[in-house]
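Okay, everyone, thanks for coming.

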Amino acid sequence: MSSNIARQAIFNRQNQLVGYELLFRDGRCDTFPLVAAEYATEIVLNDLFVSGKTSVRTVSDGQPCFVNFSYQSLINGTALNYPPQDLVIEVLENCVPDTVLFDVLVDLKNRGYRIAFDDFNPCDAWRPFLPLADIVKLDFRALSPETISRFVLDCKLTTGFLLLAEKIETPEELILARKLGFDLFQGYQLSKPERIPFGDVTEHVA
């Protein structure tokens, strides 16, 4: 029986598996359905930690779980119901970069949660948030090579976060991401999302 979760692998520079982004799926649909982001987050977390249908360790092969959080989920404190050692909080790109969100993320960091900024927009409004980041994800489908290169040059040497190249879909993009010094990699060139069946997760093969 299929769950509501798909997972997409994340690799380091040595091509080692270091985590999974968990993605909401509904019924037979293998793409993100038209539902509120808060609902999707709630279902994924419930399947992982509450329902008993599977376990977080089984779903992630013991690796960290990257889970998307909307603005509303973050300010509602949804993450506080789940253990920080198993969770990387992905701040969705459509969150509002205001003082309320900033204070929430500071509190989560202080409680031991890891913070990743998904589809990061390298603009002035988000720059004050960068010291809170453990991981910054840059979308190779949405940003130009020039924008990506400029961000890496501006920030990589002065901040402590890891850079994750996401939506890597061609060998050329992977080569570029490695050349620019990215630490982590995710995309169809490396691994496509796979639906997680309840109680029967096959071993990942890179």
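I'll go through some salt bridges, then a helix, then one valine. Keep in mind that this is a predicted model.

So, charges. Side chains of opposite charge can pair when their charged atoms come close. How many salt bridges does the count come to? It comes to 12.

Let's look at K137. Its side chain meets that of E21 in a salt bridge, at 3.1 Å, N to O. That pair links distant parts of the chain: K137 sits in strand 6 and E21 in strand 2, 116 residues apart. Is K137 buried or exposed? With a relative accessible area of 0%, K137 is buried, and E21 is buried as well, at 7%.

K137 also meets E166 in a salt bridge, at 3.6 Å, N to O. Here E166 is in strand 7, 29 residues away from K137. E166 is buried too. Put together, E21, E90, D118, K137 and E166 form a linked network of salt bridges.

Compare R111 and D107, whose salt bridge is 2.9 Å, N to O. R111 counts as partly exposed, at 48%, and so does D107, at 30%.

Now helix 6, residues 171–180, where E173, L174 and A177 are buried. Down the helix axis they fall within an arc of 100 degrees, so they line one face. Their cover includes strand 7 and strand 8. On the face turned away you've got E172, I175 and K179, exposed.

Last one: V100, in helix 4. Beyond its close sequence neighbours, within four places, V100 contacts Y71 and I75. V100 itself is partly exposed, at 42%.

Definitions and conventions: Residues numbered from 1 in each chain as written. Predicted model: local features only at pLDDT ≥ 70, side-chain atom pairs only at ≥ 80, totals over all residues. Heavy atoms only, no water. Buried < 20%, exposed > 50% of the residue type's maximum accessible area, 1.4 Å probe, protein only. Helix = DSSP H or I, 4+ residues; strand = E, 2+ residues; numbered from the N terminus. Arc of directions from axis to C-beta. Contact = heavy atoms within 4.5 Å. Salt bridge = Lys/Arg side-chain N within 4 Å of Asp/Glu carboxyl O.
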